[in-house]
Amino acid sequence: MRNYKYIYMKRIQYFIVSIIGMMLLACSGDDSVIKDEEKPTISLNYIDGFPQTCSVLKRGSSYDFRALVTDNFELASYSIDIHHNFDHHTHDDQGVNCELEAVKTAVNPLIYMENYMIEGGVDEYEIIVTVEIPEDVDTGDYHCQYSVTDKTGWQGRTSIDIKIVE
Amino acid sequence: MIHKLIGGILYLSICSLAMAQNTFNLEGSVLDAASKKPVTGATVLGETRYAVSDEYGHFNFDELPEGVYEFKVAHMGFADQTFTVVVKPGLQRVMVYLETVSTALEAIELHGVSDRKESRTIPLVSESVNKDFLDKNRANSLMQTLEKIPGVSTINIGSGQSKPVIRGLGFNRVAVVQNGIKHEAQQWGSDHGLEIDQYGIEAIQIIKGPASLMYGSDAIAGVVNIKPSLIPQQNTFEGEVNLLGETNNDLLGVSAGLQSRKEHWYYRGRFTYRDYGDFKVPTDRINYENYIFELHDHNLRNTAGKEANASFNLGYVSDNFKSETSISNVNTKNGFFANAHGLEVRTSSIDYDRSNRDIDLPYHTVNHLKVTNSTTLITHGKTHVLHFDLGYQSNHREEHSEPVPHGYMPKPADSRERVFRKNTFSLNLNDKMSVLNRHELVAGFNLEYQHNDIDGWGFLIPAYQRFSVGGFAYDQVEVDQQLHLQAGIRYDLGIIHTEPYYDWFQSQINNEDGTTSRVYLQRSQDKRLNFGSFSGSLGIAYTLDDTNFKVNAGRSFRMPLANELASDGVNYHMYRYEKGNSELDAEASWQLDLEVDHIRDNYYLGVSPFINYFENYIYLNPTSDYYETLQIYEYTQSEVFRYGGELKAGIRFFERLQLDASGEYVYSRQTSGPKEGYTLPFSPPLSGRFSAAFQFDDTWFFKQPMLSMDYKIAAAQKEIIPPEEITDGYQVMNFSLNMKVGLLSGLPSMSIRFNINNILNTKYFNHTSFYRLIDVPEPGRNFSISINQSFNK
């Protein structure tokens with residue numbers, strides 16, 4: 001009886017030791033790939049940066065929207081989104097508070113949503129997009145949001161409170 | 001009580017005798033197999049003599065002449081155990097582990113084995129917890145209570161809701177089974193919890209590995225099996241009332257249960273109500289990207305909630321037949337953090353700070369109704385055990401938020417953003433056959449039909465119907481008492497039909513000729529998809545004295561979900577555009593598990609490593625492209641390699657001081673696809689837990705006062721994937737005092753538990769919390785008191 005048990009024990013021990021060995025072997029191949037773990041950033045904090053918080057845009061005019069985007073590794077695309085904030089649903093992240101007009105209902109608000117590619121896998125890029133403000137859109141408080149991605153899929157975002165006037 | 005008295009007298013009388021020559025002293029301990037705590041008052045019955053275990057679980061037979069003896073150990077509420085001892089020089093201490101089991105169930109499974117033995121003879125790596133563990137560790141949600149088990153963590157949202165994560169995988173990769181029926185809600189969502197009443201649960205088994213063989217799709221990473229409660233003893237009437245109060249979120253909870261049995265018929269009923277306010281975090285402001293949210297009085301605004309649950313079970317049991325029908329309803333309403341939900345930043349004119357108990361927008365409501373029947377029938381001279389589970393579940397979830405225009409969507413008319421109505425019908429049937437004495441063959445099938453309707457102005461997943469059927473057979477072979485083998489195979493077939501969905505508003509699209517037009521965009525397609533997959537497992541379990549070895553290799557699968565196949569819409573909360581992929585295959589995973597457990601009288605050691613390979617893990621990949629200025633996230637499949645495991649150890653000194661330590665680690669790598677080299681989302685960090693419990697003497701009217709300290713340490717999680725952020729390591733300390741107080745005469749002692757969580761009010765982040773994404777720390781210091789009074793007749 002004891003012998004029988006002993007043989008089993010030995011066999012099982014060998015089996016388990018070899019499995020642990022296999023596991024260690026399988027796990028030892030470490031990855032030396034450097035991973036991109038940085039989000040791209042957007043800056044409007046320079047002379048040409050536009051719009052700035054509380055910028056006032058006139059209907060019927062066009063403006064060059066400009067922002068500097070940087071990343072550690074290959075910028076890929078960006079987007080600009082302008083939508084109304086007549087219901088005060090959100091606020092910007094520029095650290096400055098812009099006085100909002102009274103809450104109102106939208107009739108024909110400006111909806112601007114455009115996506116662009118950044119070619120060439122650069123790490124620095126200046127966004128320059130000409131945006132035309134149509135004559136017939138509602139005036140009032142708006143939001144402008146810049147978003148940018150890099151090749152990995154990291155995203156940076158920023159948003160600015162602006163106003164559209166007559 | 002009488003047993004104890006007689007035992008004591010016997011013990012004393014035996015001790016007082018002088019030891020004669022050629023006789024031996026047999027000593028042993030009776031322990032609860034699950035909690036490793038001593039079992040007091042167990043009868044150890046020999047042919048001519050018997051003993052009763054004392055308060056430390058010890059028993060003793062003096063003056064046994066050399067020879068072979070057989071003993072039977074019995075205690076109410078535990079399965080009987082027998083052991084044989086050869087009394088001769090060098091006699092060792094005997095350890096008896098009793099497993100909780102109802103006496104009626106035990107009668108039904110006469111030829112079967114007890115749970116404890118089962119867990120040692122089945123190669124699956126699993127952990128069992130009992131009511132004692134649940135009572136002593138009860139946290140705000142069931143899964144948070146189970147988090148103390150190495151290898152188990154949670155994905156949380158707020159203070160009262162969480163979902164299970166086993167070794168780093170969660171959502172639909174962990175099956176939650178209650179009364180034999182798979183719990184079917186909206187498992188894929190990270191912003192709601194498990195709709196199960198955590199009171200009244202007596203035993204839970206957690207399988208830490210692929211278990212599709214027995215549980216089908218979704219059990220690819222593990223199973224949380226909430227076992228049916230024990231059948232009450234004959235001619236009894238019992239009840240309990242539990243009161244709970246907490247300071248961090250001003251929680252008040254009450255749960256009351258009743259159960260009774262005549263001879264064959266029994267019933268159980270329970271009602272639970274919990275109401276809590278906003279939870280407090282140890283910070284004055286939340287910094288999320290460039291936004292700053294000032295908090296009023298540390299309250300995470302609008303995270304209050306309430307929960308009302310009721311259940312009723314009716315059962316019949318006889319020697320060869322048992323049937324139990326259960327009806328339960330769980331109803332919850334929870335607020336979400338008002339300043340940001342998901343990644344979406346919000347402002348509102350709602351005065352959230354006027355009260356910390358009101359639930360304003362955004363919030364959700366969930367109602368989960370479950371009706372199940374489990375029937376067991378023993379036939380053919382006890383060689384066949386037939387088992388049926390029949391279930392109906394209705395999950396109704398509504399997500400409400402302030403109507404806000406987004407993109408081309410005008411301001412919606414009401415707050416009903418998303419509504420899901422999911423109905424699930426399940427049928428399981430299996431036959432356990434005892435063949436050739438050494439084999440136990442189990443064959444059966446599972447059927448499930450699901451119907452999911454959607455409503456509301458937000459679109460995330462399509463309406464769908466899903467039908468799945470799986471057939472399986474496995475054999476458990478007892479080679480000898482020490483060595484057991486298990487092998488099984490299963491095939492599953494699934495059909496998913498997704499319904500088409502069009503936006504309720506028009507979007508502007510640019511035509512090729514430079515013009516623009518306004519259309520109702522189609523978000524999901526009318527599609528019928530079929531899936532089929534094999535699963536199987538092969539394992540051995542081997543017991544050598546106090547050491548138990550397990551090796552198990554298995555293949556499991558998971559059917560893709562409707563959102564993975566057919567999403568095509570904006571998830572505003574997460575600020576992303578989610579795109580499904582109808583080309584996805586069923587996920588398949590291979591895993592090799594190992595477990596070594598060594599349990600002795602006063603210490604235990606365990607290690608359970610695993611390696612795992614996914615052929616095609618389904619992953620929501622953040623791409624670098626945009627759709628209507630939102631980043632596109634697309635469901636893709638990649639190979640994933642993972643390994644890790646758990647370590648645990650514990651020791652008891654002088655029957656008073658219990659020290660436990662455990663650690664867990666998971667490494668995950670995507671080895672192909674667009675995120676090759678990256679980990680998986682929500683990866684839990686390396687963590688460890690140390691606890692010390694000290695049992696004091698009874699003082700005054702406090703009985704069994706036990707003081708325990710618990711220290712959790714987690715390393716930083718630097719393995720991240722977009723859009724996650726690195727989470728720093730942390731250390732948290734918890735304190736608890738448990739005792740019994742016998743104040744009311746004629747009633748059993750009242751159990752009182754006093755807890756302090758996060759004693760130092762440490763500000764820390766949990767990498768697997770939904771609120772981690774917006775930089776919300778975990779709850780601050782919390783004092784809680786829980787009182788449990790049982791009564792019986």
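How many helices and strands does chain A have? This is the opening topic of the legends below, which describe a predicted model.

**Figure 1. Chain A at a glance.** Chain A has 1 helix and 8 strands. Followed along the sequence, these elements come in the pattern α-β-β-β-β-β-β-β-β. Of the 166 residues in chain A, 45% are buried. Take the contacts in chain A between residues at least 6 apart in sequence: 77% of them join residues at least 24 apart. The accessible surface of this chain comes to about 8800 Å², and carbon and sulfur atoms account for 54% of that area.

**Figure 2. Confidence along chain B.** The mean pLDDT of chain B is 86, with 94% of its residues at 70 or more. Among the elements of chain B, strand β17 (residues 265–276) has the highest mean pLDDT, 95, and helix α2 (residues 103–108) has the lowest, 36. Two stretches call for care. Over residues 4–21 of chain B, pLDDT stays under 50, and the model has 14 contacts beyond four places in sequence for this stretch. Over residues 102–114 of chain B, pLDDT again stays under 50, here with 27 contacts beyond four places in sequence.

**Figure 3. An open sheet of 5 strands in chain B.** The strands of this sheet follow the order β8-β13-β14-β11-β12, and their pairing is mixed. At the edges sit β8 (126–130) and β12 (181–182) of chain B, each of which pairs on one side only. Inside the order, strand β11 (residues 174–178) and strand β14 (residues 222–226) of chain B run parallel and are joined by 5 bridges. To find your way in this view, look for B:Q178, whose bridge partner in β14(B) is B:I226.

Figure 4. Strand β40 (residues 630–653) and strand β41 (residues 657–670) of chain B pair in the antiparallel sense over 14 bridges. Along this pairing, B:F641 stands opposite B:R669 in β41(B). The hairpin of β40(B) and β41(B) has 3 residues between the strands, and there B:F654 takes a positive phi near 50°. β41(B) also pairs with strand β42 (residues 687–695) of chain B, again in the antiparallel sense, over 8 bridges. A handy landmark is B:G663, whose bridge partner in β42(B) is B:G688.

**Figure 5. A nonpolar surface patch on chain B.** B:Y603, B:L605, B:I651, B:F653, B:F654 and B:L659 make a nonpolar patch of about 550 Å². Two or more residues of the patch come from each of β39 (603–627) and β40 of chain B. B:Y603 is found in strand β39 of chain B, and counts as partly exposed because its relative accessibility is 30%.

Figure 6. Where along chain B does B:A463 lie? This residue is in the loop between β27 (439–455) and β28 (464–478) of chain B. Its relative accessible area is 8%, so B:A463 is buried. Leaving aside residues up to four places away in sequence, B:A463 touches B:N452, B:D453, B:I454, B:H497, B:T498 and B:E499. B:A463 and B:D526 are 63 residues apart along the chain, with 9.9 Å between their C-alpha atoms.

How values were computed
Residues are numbered from 1 along each chain as its sequence is written. Chains are lettered from A and ligands numbered from 1 in the order in which they are written. This is a predicted model: local features need pLDDT of at least 70, side-chain atom pairs count only at pLDDT 80 or more; totals for chains, interfaces and linings use all residues. Side-chain values use heavy atoms; hydrogens and water are left out. pLDDT is the predictor's confidence in each residue, from 0 to 100. Helices (H or I, at least four residues) and strands (E, at least two) are DSSP runs, numbered from the N terminus. Contact means heavy atoms within 4.5 Å. Two strands pair if DSSP finds at least two bridges between them. Patches are made of residues with over 30% relative accessible area and no salt bridge: like charges are joined within 9 Å, nonpolar side chains (Val, Leu, Ile, Met, Phe, Trp, Tyr) within 5 Å. Accessible areas come from the Shrake-Rupley method with a 1.4 Å probe; for residues, only the protein chains shown count as cover. A salt bridge is a side-chain nitrogen of Lys or Arg within 4 Å of a carboxyl oxygen of Asp or Glu. Buried means under 20% relative accessible area, exposed over 50%, partly exposed in between (1.4 Å probe, protein chains only).
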